[in-house]
Amino acid sequence: MEKAKVYFTSEVSPESVVKIYEALGVELPGKVAVKLHSGEQGNRNYLRPEFVQKMVERVNGTVVECNTAYEGARNTTEKHKKLMEEHEWSKYFNVDIMDEEGPDMELEIPNGIQIKKNYVGKHMANYDSMLVLSHFKGHAMGGFGGALKQLSIGCASSYGKAYIHGAGEAKENIFGTDQVKFVTSMGDAASSVHKYFNGNIAYINAMVNISIDCDCDGNASAPCMKNIGILASTDPVAIDQACIDIVYNSTDPGKDKLIHRIEEKKGLYIIDTAEKLKTGTKEYELINIDE
């Protein structure tokens with residue numbers, strides 16, 4: 001497989017999000033879903049609506065989310081919509097909770113390493129293309145969160161999240177699964193969503209507010225690294241691998257905390273799994289558009 005192209009800018013602004021997308025040279029067709037993280041109640045690190053407003057408007061997109069599988073402000077559609085209003089997503093954009101009604105859409109993963117199917121929000125069928133707009137940071141369960149996590153846990157329905165966490169079994173306690181099986185399941189699930197959109201999908205990772213914790217944590221740790229920049233690619237494996245490499249090669253002393261979290265939680269298995277399923281490649285060319 002030839003090297004994937006990953007574009008990078010160190011400029012962190014609403015305008016640079018659009019600029020990095022346009023560097024891809026793609027136009028997402030039809031009705032565009034913009035998958036991002038709405039931010040748990042109390043979280044201070046999530047990407048704000050104002051930061052992504054120009055980008056969402058650029059593709060005339062609908063902001064999409066799915067409900068969580070654990071207690072909080074986003075585990076029912078009613079509560080999630082209320083939070084979307086509080087966090088002002090609804091103020092700026094059309095918002096769609098993709099699993100607000102059932103039945104879930106089932107995506108088959110015939111070559112899945114750990115799971116053979118994925119349960120996503122039913123409303124995914126209403127979109128022709130998807131922009132996966134990820135906040136790159138650590139994660140207490142998955143090690144790190146980027147494009148692949150948005151594709152997997154992010155697009156999964158509430159039931160689908162429990163199914164991935166349970167590595168093929170939607171247990172009531174979603175946090176007791178073997179770590180490698182869980183992260184491998186995320187890689188399987190990510191591959192199914194990428195394949196579903198059949199090339200009509202693009203990825204942006206914002207390396208800002210880089211905490212060791214996810215935006216799903218209402219009491220997340222403060223950022224441990226300085227802002228780095230924004231990346232874009234049509235390859236979810238390459239863009240996440242590029243972010244990982246940037247962290248490992250950074251001179252920022254705060255990287256040690258993030259690397260510990262990634263390695264402790266076997267986070268790189270999601271990248272390895274997605275590559276094995278030919279979702280993308282870890283071999284990439286990093287193109288700095290600032291130069």
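Visitor: Which strands does helix 5 lie across, and at what angle does helix 5 run to strand 7?
Guide: Helix 5 lies across strand 2, strand 3 (62-65), strand 7 and strand 10 (201-207), and runs at about 115 degrees to strand 7. This is a predicted model, in which local features need pLDDT of at least 70 and side-chain atom pairs count only at pLDDT 80 or more, whereas totals for chains, interfaces and linings use all residues. Residues are numbered from 1 along each chain as its sequence is written, and side-chain values use heavy atoms, with hydrogens and water left out. Helices (H or I, at least four residues) and strands (E, at least two) are DSSP runs numbered from the N terminus.

Visitor: Why are helix 5 and helix 6 called roughly perpendicular?
Guide: Helix 5 (residues 147-154) and helix 6 (residues 158-165) pack at an angle of about 115 degrees, with their axes 9 Å apart. Angles run from 0 to 180 degrees between N-to-C directions of axes fitted to C-alpha atoms, for helices over the stretch in contact. Since 65 to 115 degrees counts as roughly perpendicular, under 35 as roughly parallel, over 145 as roughly antiparallel and the rest as oblique, the two helices are therefore roughly perpendicular to each other.

Visitor: Which residues bring helix 5 and helix 6 together?
Guide: Ser152, Ile153 and Gly154 of helix 5 meet Lys161, Ile164 and His165 of helix 6, where contact means heavy atoms within 4.5 Å. These residues divide into two nonpolar, three polar and one charged, given that Ala, Val, Leu, Ile, Met, Phe, Trp, Tyr, Cys and Pro count as nonpolar, Asp, Glu, Lys and Arg as charged, and the others, Gly among them, as polar.

Visitor: What makes helix 5 oblique to helix 8?
Guide: Helix 5 and helix 8 (residues 236-248) pack at about 125 degrees, with their axes 7 Å apart, and that angle makes helix 5 oblique to helix 8. Ala147, Leu148 and Leu151 of helix 5 make this contact with Pro236, Val237, Ile239 and Asp240 of helix 8, a set with six nonpolar, no polar and one charged residues.

Visitor: How do you know that serine 152 is buried?
Guide: Serine 152, in helix 5, has a relative accessible area of 0% and is therefore buried, a word kept for values under 20%, with exposed meaning over 50% and partly exposed in between (1.4 Å probe, protein chains only). Leaving aside residues up to four places away in sequence, serine 152 touches Ile164, Met186, Ala189, Ala190 and Ile270.

Visitor: Why do strand 4 and strand 12 count as the edges of the sheet?
Guide: Eight strands form an open, mixed sheet in the order 4-3-2-7-10-11-1-12, and strands pair if DSSP finds at least two bridges between them. Strand 4 (95-97) and strand 12 (284-288) each have a single partner strand, so one side of each is left without a neighbour in the sheet. The twist averages 25 degrees from one strand to the next.

Visitor: How do you know that strand 2 and strand 7 are paired, and in which sense?
Guide: Strand 2 (residues 32-35) and strand 7 (residues 129-135) pair in the parallel sense over four bridges, and valine 32 stands opposite serine 129 in strand 7.
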